[in-house]
Structure formats: structure tokens, C-alpha cells
Amino acid sequence: MLSPKFVLSGLKPINTLLRFLGRNGTNAVAISVFLGLLLPGIAEALRILLTPAIFILLTLSFIRVDNAAIANQLRRPLPAFAAMLWQMLILPLLATVTCLIIGLDQIDLGVLTALFMVSAAPPVMSTPIFIWMFGLNGALALTISTLSLIIAPLSTALFAYLLLPETLQVSPLSLATNLAMFLIGSAGLGRLLYYLLGAKRINEVTDHINGLNCIVLFIFAVAAMDGVTGFAITAPFKATALFVGVFAIAALQLLVTFLIFYPAGRQTAFIAAYGTGSRNLGLMVAALGGTIPELAWLFFAFAQFPIYLLPWILKPAAIHIREAEATIP
């Protein structure tokens, strides 16, 4: 029988690794998406872990929020509701109308599917965790993400009806069921772990939680890169165009959202913009199933680059906002 001392000694390297990743989260996540390109051999095998990874990321978000933070955020619900409506209804509606006006819906099914995913998807599950890493209001980010998940079954079905042909229609019942299972299951598990560990213990292992988040994001990145390396080698110009395109779309959504919400305060504007620029395309891929066109899959894969690099790119801006607000009396 293994002695407790032996078990603890074996766990020490794991604790050290998690703590290191947690304290260097933005850099670790940025590097992981490029490592995914170097591991094409195992990307296909890891694709089955996409859904579990999404569930774990959301669970980690719920673990980090204490009851006082939730109650305090609910006393001022307007910023969260406004951000959710902008992300899930107003911005997708603008994208849809623009698409129909310029006739983009007649160009290519893959382009159309990619536009639907990047405009209608809720924020990525890791958004609240990175907002906490920045030292900003993670409770607001989690509230926006949760509200977006709640409305997503209706909003995504609406915009799928407006944009996509019948062969790619999202089943509202199926999507609602999947999202409800994700939300209720991860929230229940996250809150259970919160009560079992306690707020004090959770604060003590914050770096470990952040480190675990980095590991899950790495697994997700490798799985998402399935086929990307080969595509980049055989069609480098198309790959470059996709790479530039996903960054341009993310930057446009970020900038417009920040300017729209700037009157509400720089921190609120930053949090709303971050969630808008980091969309959970994985949920849309799962909802659309195997019918997703190849170009849309490649767009999903390349879109992971801005999502994974945004924490590193935006960290200086977040620090500036945090320090500027700290000096306000």
C-alpha cells in the first residue's frame, strides 16, 4: 500500500507545474495554440475531447465565483444584460443584414457558415478565468457568459434560420438541450466543488485552477488543429488569408464593442469587448454536427489563434485599466 508521504511526494511536481502555468497563463496559452500545429498526428485522436474540454472550462469558471460576488453583480444587472444583448442579438443581426445586403449568402456555403458561427456563438468558456487573471471583474464576465448561454438556443436558431440553408439548420431543441446540459451540469459541479473546498481554499489554489485551465485549453487547441498543418503546407496563400481574416474579424468586434460600451466605464467596455471577440465556435461546430463545410472547419481552427493569443495581446491594456481604476478615489 502506498504511503501518504509517497503520494504527496508524487503530487509535488504536478502542483509545481500547475502553479507555474497558472502564474504564466497568458504566455502558456499563447504558446499552446502553436504547439497544436506541431502535433498533427494526435489532433484527430483528441477531437473526441472537444466537448469534455468545453464542459471543464465552464466548470472552472463557476468554481472561481463566490456567492458575494454573484449577489453584488446581480444588484447591477444592466451592464451584463446590455453586453449579452449586444453579443447575442444586436451584433449578429447587424452581421446578418449586412450579409444579405451585399449578397454574401450567395457566394459560398463555407463562408456563410463561418459568418454564422463567429457572430452568433456565445463567449468562450475561459473568458471569466482570463478576466480574473487580469485582476478585473470576473463575476461580470461570468454573468455575461451565463446569460449568453441561456439565450443562445433561441438566438442561434433564429440567425441560423435567417442565414443558413435547410441542410445546415440548427435544431433548436437539440441545441437548447445541449446548452442546458452544459450550463446546469457545469454550474452544479462548479458550485458543489466551491462548497466542498470553501472560498478560502479556492483562493489559496487560484494558481492551480488557472494552470489546469491552461492544460485543458492546450488539449482543445491540439484537437482544433486537426487538418490545419496539412492545409497550411498545401495551400499557404489561402491559409495566410484565413489567418489574417480571423484576426481582422476579432479585432473589429473588439474595437466596435469597446467603443459602444466605453460610456459605461473602461473595465466594463474591456470585459464586454473581450467576450465579443472570443466566440465559442466549438459549441457551434458541435451543434452543426458533421454537416459543417470544410472551409467553415478551417475557419474554426484558425479562429483559435486570436482566441488563444488575445490574453497575451490584451494583458497590457487590462493591467493599464486595472491600475487606472485603482487610482480613482
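Figure 1. Of the 329 residues in the chain, 50% count as buried (under 20% relative accessible area with a 1.4 Å probe, protein chains only). The chain holds 18 helices and 0 strands; these are DSSP runs numbered from the N terminus, with at least four residues of H or I for a helix and at least two of E for a strand. Among contacts (heavy atoms within 4.5 Å) with a separation of 6 or more, 86% join residues 24 or more positions apart. This is a predicted model, in which local features need pLDDT of at least 70 and side-chain atom pairs count only at pLDDT 80 or more, while totals for chains, interfaces and linings use all residues. Residues are numbered from 1 along each chain as its sequence is written, and side-chain values use heavy atoms, leaving out hydrogens and water.

**Figure 2. Helix H4 meets helix H12.** Here the axes of H4 (residues 50–63) and H12 (residues 206–224) come within 10 Å and cross at roughly 160 degrees; axes are lines fitted to C-alpha atoms over the stretch in contact, with angles from 0 to 180 degrees between N-to-C directions. That makes H4 roughly antiparallel to H12 (an angle over 145 degrees). Look for Leu-57 and Leu-60 of H4, and Val-216 and Phe-220 of H12, among the residues making the contact.

**Figure 3. Helix H15, a largely enclosed helix.** H15 (residues 266–277) has 12 residues and reaches 16 Å from its first C-alpha to its last, close to the 16 Å expected at 1.5 Å a residue (1.5 Å times one less than the number of residues). Because 11 of its 12 residues are buried, H15 is largely enclosed by the rest of the structure. Phe-270, Ile-271 and Tyr-274 are among those buried residues.

Conventions: Parallel < 35°, antiparallel > 145°, perpendicular 65-115°, else oblique.
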